[in-house]
Amino acid sequence: MARLRDCLPRLMVTIRSLLFWSLVYCYCGLCASVYLLKLLWSIGKGPTQTFRRVAREHPPACLNDPSLGTHCYVRIKDSGLRFHYVAAGERGKPLMLLLHGFPEFWYSWRHQLREFKSEYRVVALDLRGYGETDAPIHRENYKLDCLITDIKDILDSLGYSKCVLIGHDWGGMIAWLIAICYPEMVMKLIVINFPHPNVFTEYILRHPAQLFKSSYYYFFQIPWFPEFMFSINDFKALKHLFTSHSTSIGRKGCQLTAEDLEAYIYVFSQPGALSGPINHYRNIFSCLPLKHHMVITPTLLLWGEKDAFMEAEMAEGTKVYVKNYFRLTILSEASHGLQQEQPDVVNKLIWTFLKEETRRKDWLFL
């Protein structure tokens, strides 16, 4: 009986792990079936249109706008990878490091590059595998440990020991992990539309609605097929993310211009440009939940309530993991791309957070 009691906890962990991975693989199969039907439907309607792709040889002028900053490159010694970033503001000022989400790149921070360069050295990074940053081939090169080490090494290469760290979407995930693993590197943490990683993993298993909204996480576990689906119909799926009523940027605020949209399509239409970004997601289920999860850095969490991918309840559940000043601001008419959709509001909230004393917890709804 005593041996049974000793074995029971390990047995429960094993059963829970089996159930978790069964859910992952079953849902992967379901998502693959749905997207395969979409592909067949598209081919049936017009095979020529389905496989059409416009050649894009030159970047739109907005990607070389000097008002956004200077294009720079840094090679990390340990990994040997070359990272691309755009920097604005004088060297020597405090560092503000910006981490983008999916499917984005440094350009999603254009409004913040202009705004904060007066007091910060603002660096908008292309994450590993994105844009002009090097993209290793194997999915193992995109484990969360590698992504965390990238940020640590980039700070060292830039000559900084700490920064104001801002992350959106997947970049928000990485920002949370940096604050957890290297709290001494983060003066203040600002996350846009991504909850604490443990909140995400716990919530998604208990709420079918969020499981459905996160279906692309499961679809991305399949080799090469997601990249192919994004590319058909001249990247129609990518355009849909930025222009559809449910997921677009700017339903109640700033909208992407035709040139902005073309900038995104240009970057992700380059050969192999989708594999790196999607590989980020292909390691997530083996890395979560976290063993260490408390955040001791002053934290601001900004959230668009109309987010088509993340339920707002996860934002409210994040506060229990922050053992310091914590402010949550939910914008009732905003969606997922908050820093692009309502840049004036977001920038004002960030300025307020950066300048205020951080000694208490607070929550705010707008």
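Me: Which residue forms a salt bridge with R56, and how far apart are the closest N and O atoms?
Reply: Start with the general idea. Side chains of opposite charge can pair when their charged atoms come close. This is a predicted model. In it, R56 pairs with D234, and their closest N and O atoms are 3.0 Å apart. R56 lies in the loop between α2 and β1 and D234 in helix α9, so the pair ties together parts that are 178 residues apart in sequence.

Me: Are R56 and D234 buried or exposed?
Reply: Both are buried. R56 has 13% relative accessibility. Buried means under 20%, so R56 qualifies.

Me: What is the distance between the closest N and O atoms of E262 and R56?
Reply: E262 forms a salt bridge with R56 at 2.7 Å. This pair also links distant parts of the chain: E262 sits in helix α10, 206 residues from R56. E262 is partly exposed, with a relative accessible area of 30%.

Me: Which residues are linked in the network of salt bridges?
Reply: R56, D234, K239 and E262. The structure's count comes to 12 salt bridges.

Me: How many disulfides does a search of the whole structure find?
Reply: The idea comes first. A disulfide is a covalent bond between the sulfur atoms of two cysteines. Here the search finds zero. As for individual cysteines, C72 is buried at 11% relative accessibility, while C181 is partly exposed at 43%.

Me: Which residues gather in a patch of negative charge?
Reply: Look on the surface for E305, E313, E316 and E333. Take E313 as the case: E313 lies in helix α12 and is partly exposed, at 46% relative accessibility.

Note on methods
Residues are numbered from 1 along each chain as its sequence is written. This is a predicted model: local features need pLDDT of at least 70, side-chain atom pairs count only at pLDDT 80 or more; totals for chains, interfaces and linings use all residues. Side-chain values use heavy atoms; hydrogens and water are left out. Patches are made of residues with over 30% relative accessible area and no salt bridge: like charges are joined within 9 Å, nonpolar side chains (Val, Leu, Ile, Met, Phe, Trp, Tyr) within 5 Å. Accessible areas come from the Shrake-Rupley method with a 1.4 Å probe; for residues, only the protein chains shown count as cover. A salt bridge is a side-chain nitrogen of Lys or Arg within 4 Å of a carboxyl oxygen of Asp or Glu. Lys and Arg count as positive and Asp and Glu as negative; His and the chain ends are not counted. The place of a charge is taken as NZ of Lys, CZ of Arg, CG of Asp or CD of Glu. Helices (H or I, at least four residues) and strands (E, at least two) are DSSP runs, numbered from the N terminus. Buried means under 20% relative accessible area, exposed over 50%, partly exposed in between (1.4 Å probe, protein chains only). A disulfide is a pair of cysteine sulfur atoms within 2.5 Å.
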